[in-house]
Amino acid sequence: MHDVSFVRHEMLSPQPAPASQVGPLRWARENLFSSILNSFLTIVSAAAVILALAHLWPWFAHSVWHAGSLRECREMIAQRWGEDATGACFAVIRDRWKQFLFGFYPSELYWRPTLSFVLLLAALAPILFSAVPRRMLWFSIAFPGIVYWLLWGGSLALPICVYAGFLVGMLVHRLVGPRFGSLLALIGGVLATLIWWFYLAGPVAGLLETILPFLTLEPVASKRFGGFMLSIVIGATGIAFSLPLGVLLALGRRSGLFIIQSICIGFIEFIRGVPLITLLLVASFLLNIFLPPGTNFDIILRVIIMVTLFSAAYMAETIRGGLAALPRGQYEAADALGLDYWQAMRLVIMPQALKISIPNIVNNFISLFKDTTLVAIIALLDPIGLVTSIRADSNWNGIVWELYGFVALIFFICCYSMSVYSKHLERRLRTDHR
Amino acid sequence: MTSIDVSREQFRLSMLLYDTRYRSLTIQVVAMIALMSAAAWLVNNTVENLSALGKDFSFRFLGQRAGYDISQTLIPYTNDDTHARAALVGIVNTLLVAFVGCLLATAIGVTMGVLRLSRNWIVARLAAVYVDGFRNIPVLLWILATMAVITDTAPAPSAFRGDNATASMIFGSVAVTNRGVYVPWPIFGPGWQIVVGTFLLSVIAILVFGRWAKARQDATGQILPTFWIKLGLFVLPVLIADQIAGRPISLDYPELQRFNFEGGGFLDKSFIALTLALSLYTGAFIAEAVRAGIQAISRGQSEAAAALGLRSGRIMSLVILPQALRVIIPPLISQYLNLTKNSSLAIAVGYADVRATLGGITMNQTGRELECMLLLMGFYLILSLLISGTMNWYNARVALKER
């Protein structure tokens with residue numbers, strides 16, 4: 001017997017992992033240099049990034065914030081950083097930022113759009129975040145009227161009377177409902193609202209105006225609106241109205257009632273088939289021809305109507321997708337519970353369909369907000385229209401990137417935060433177990 | 001028998017409202033009446049307004065002399081031609097942008113979508129920056145910015161002059177200037193029909209060969225090097241025919257003359273800016289569609305394919321792509337439609353598309369807003385329906401055949 005053992009008796013002390021298997025080196029090996037092609041791609045893209053930064057950084061670092069014209073800017077840069085130095089002239093944004101925000105809104109009345117914007121945030125809060133008390137929703141409902149009054153001025157009586165139309169309609173609905181059934185109540189309510197708006201609202205508003213003269217603000221004409229204020233006014237109104245309209249169109253398209261279905265399909269396909277710009281041209285050239293002689297209503301209102309209709313058609317298709325994705329069992333279960341059509345839609349179908357379509361709905365909102373820039377083509381002064389007019393100014397003639405960059409940045413922030421919010425909403429509403 | 005005979009039940013007027021069998025009919029009739037009266041109201045208003053303005057409704061202006069010049073035309077046009085001809089020039093220009101834009105956007109989108117899924121960190125990040133950047137900034141801004149890039153950074157034609165010129169032509173044949181891009185252009189000499197005919201024949205041969213190779217593979221399992229054979233079929237016959245016919249097709253190179261480049265083909269900067277911006281913008285959306293499509297295919301599919309012994313290229317082309325395509329195509333259709341409709345923003349850079357000729361200068365000159373807008377919308381509507389029809393037909397062909 002030998003007492004020679006070929007088996008080690010004691011454990012080796014653990015060694016650290018090889019340098020190539022830990023830390024940044026391993027990460028780089030796996031994520032940057034895993035193959036020849038990958039290494040090549042890494043080097044090329046890194047070089048591109050470095051090159052871009054090397055060009056952009058001095059441009060930012062040499063930027064000028066205080067100057068009266070582009071020539072002055074260039075002189076200051078040349079003086080400070082040498083003859084052939086490049087530098088941004090952000091002075092133009094400093095010079096014109098009020099215009100970028102408010103357009104040509106009278107400067108002594110800037111508090112009105114500013115207040116509207118703050119109120120917008122307050123009105124959005126209960127819609128966006130579930131932590132905010134539900135009672136705030138009443139403010140969200142009253143908000144459009146208040147903002148109309150704040151921005152355009154005039155008497156508060158007009159918005160009040162418009163809102164009163166809804167109250168009248170609801171009152172009639174309540175009165176008719178128990179005696180004549182829900183359909184007649186609906187028709188009666190709608191008719192009462194329309195009659196109120198067309199025949200009674202005007203005189204009542206006039207009366208209110210004489211009783212309460214202190215509720216009148218200095219009116220501001222639409223043509224003085226501009227900048228991001230204009231984008232937000234058009235975008236927010238379009239967003240607010242296109243969703244309900246889209247829901248109605250989607251329900252109509254799936255209703256199975258031949259005539260209603262045909263009307264909805266015709267409308268949706270027509271709107272989706274033509275570019276928004278042609279609709280805006282119709283709004284600016286043709287809408288007056290379609291309306292009774294002598295009517296001439298506000299260009300911004302016309303644009304808002306067109307943008308809303310345009311967006312509603314896309315929204316309808318999005319929501320239709322959500323409706324189609326629901327299993328038939330949901331519809332049948334709602335029927336089995338004895339819910340009527342509107343109850344089933346409101347309590348069972350729509351909450352689920354809307355949840356499914358959230359990402360696409362928000363994408364529609366984003367594209368609507370981006371599309372507000374098209375009003376520059378019918379000569380409204382939205383941010384892009386302003387850029388064109390500033391570039392035509394002799395002081396700032398020749399300036400390009402500072403302006404486009406600024407506008408692009410603001411749009412990017414708005415749209416990107418919308419998409420981030422949609423992801424948050426998706427997570428919050430996810431009810432399945434994962 | 002006590003059963004109630006429903007059909008004999010007496011019809012009462014109130015049943016139109018309370019009986020679900022008749023109620024839908026009532027609703028539809030009401031909707032129809034409302035629609036008709038709204039339409040009648042609009043038409044009536046239009047007729048009244050037009051007569052108040054002293055206008056009539058006619059398309060005769062299309063036959064009148066247009067009297068304006070269009071800078072970029074694919075079909076012959078002078079300012080003595082009719083408005084209809086000007087509209088046609090615009091239509092061709094729109095179609096050109098839409099076609100080139102869709103091709104370019106697809107190429108960009110597919111590349112970026114695949115790169116975004118790359119395991120290479122920096123490449124994936126750059127692709128994500130591209131996608132988010134373009135998706136979240138208005139397309140009009142991109143069009144204007146692209147135009148500004150070309151105008152501001154490309155050299156003027158005069159920079160190509162002299163011994164110490166600051167700019168030089170790419171490969172000695174393509175000149176990128178701040179007016180546009182000058183490229184070599186083919187000249188068709190006598191006998192060109194032979195070459196073009198050979199080319200068409202070789203394309204047909206490629207298609208036939210592809211079918212035959214697939215049938216052979218399905219039958220025997222043998223795989224031919226189809227790519228190289230197809231490439232040979234594509235290139236060789238045309239080259240040989242060109243030589244035999246005495247080189248009828250040659251290239252006309254742009255050359256710098258006194259003020260500008262002459263000869264060759266000229267792509268106006270407005271066309272380049274519009275097409276490039278639209279393709280980059282739409283490409284970002286297509287990239288997202290491609291990424292979503294590839295991610296929709298479960299990992300099990302590629303693992304199963306690998307277990308069968310397929311190499312990664314074949315896994316992509318035989319297993320992943322055919323399945324991903326079904327997910328990708330519907331959003332791709334709507335992106336093509338969007339690009340086509342967005343091409344109407346040509347006005348921002350002064351490109352003469354149909355919106356700029358028919359819906360712009362013609363409309364302003366003749367004052368026929370109603371007729372011009374009707375024609376313009378009709379054109380876009382037909383174009384959209386054609387595109388979506390074609391793509392839906394293709395989609396139905398590749399769709400999963402279930403029971």
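**The disulfide and other local features**

Mentor: Cys73(A) and Cys89(A) are joined by a disulfide, with an S to S distance of 1.9 Å. Cys73(A) sits in helix 3 (residues 70–81) of chain A, while Cys89(A) sits in the loop between helix 3 and helix 4 (91–102) of chain A, so the bond ties together parts that are 16 residues apart in sequence. Helices here are DSSP runs of H or I with at least four residues, numbered from the N terminus. Both Cys73(A) and Cys89(A) are buried, where buried means under 20% relative accessible area, exposed over 50% and partly exposed in between, for a 1.4 Å probe and protein chains only.

The model is predicted: local features need pLDDT of at least 70 and side-chain atom pairs pLDDT 80 or more, whereas totals for chains, interfaces and linings use all residues. Side-chain values use heavy atoms, without hydrogens or water, residues are numbered from 1 along each chain as its sequence is written, and chains are lettered from A and ligands numbered from 1 in the order written.

Cys102(B), with a relative accessible area of 14%, is buried.

Chain A also has a backbone feature of note. Most residues other than glycine have a negative phi. Ala379(A) is not a glycine, yet its phi is positive, at about 70°. Ala379(A) belongs to the loop between helix 14 (341–371) and helix 15 (383–392) of chain A. The relative accessibility of Ala379(A) is 63%, so this residue counts as exposed.

Next come the aromatic rings. Rings of Phe, Tyr and Trp (its six-membered ring) pair if their centres lie within 6.5 Å, with planes under 30 degrees apart called stacked, over 60 edge-to-face and the rest tilted. Over all chains the count comes to 27 aromatic pairs. The ring centres of Tyr148(A) and Trp152(A) are 5.2 Å apart and the planes meet at 25°, so this pair is stacked. Tyr148(A) and Trp152(A) are both in helix 6 (residues 137–152) of chain A, at a spacing of four residues, about one turn of the helix. Elsewhere in chain A, ring pairs link Phe100(A), Phe228(A), Phe369(A), Phe406(A) and Phe411(A) into a cluster.

Thr146(B) lies in helix 5 (residues 139–153) of chain B and is buried at 11% relative accessibility. Apart from neighbours within four places in sequence, Thr146(B) is in contact (heavy atoms within 4.5 Å) with Ala273(B), Leu276(B) and Ala277(B). Leu358(B) lies in helix 11 (residues 354–366) of chain B and has a relative accessible area of 5%, which means that Leu358(B) is buried. With neighbours within four places again left aside, the contacts of Leu358(B) include Ala87(B), Cys372(B) and Leu376(B). Leu358(B) is also 8.2 Å from Ala84(B), C-alpha to C-alpha, although 274 residues separate them in sequence.

A cavity is a set of points on a 1 Å grid over the protein atoms alone where a 1.4 Å probe fits but cannot get out, and lining residues have an atom within 4 Å of a point. The whole structure has two cavities of 30 Å³ or more. The largest cavity has a volume of about 40 Å³, and its lining includes Leu50(B), Lys55(B), Asp56(B) and Arg368(B). Helix 12 (residues 369–398) of chain B contributes most to this lining, with three residues.

The second largest cavity also holds about 40 Å³ of space. Among the residues lining the second largest cavity are Ser155(A), Ile160(A), Leu208(A), Glu209(A) and Leu212(A). Helix 7 (157–180) and helix 8 (182–211) of chain A are the elements that give two or more residues to the lining of the second largest cavity.

Notes. A disulfide is a pair of cysteine sulfur atoms within 2.5 Å. On a 1 Å grid over the protein atoms alone, a cavity is a set of points where a 1.4 Å probe fits but cannot get out, and a pocket is an open set with protein on both sides within 12 Å along at least five of seven lines; lining residues have an atom within 4 Å of a point. Grid points are joined across faces, edges and corners, and a volume is the space filled by probe spheres set on the points.
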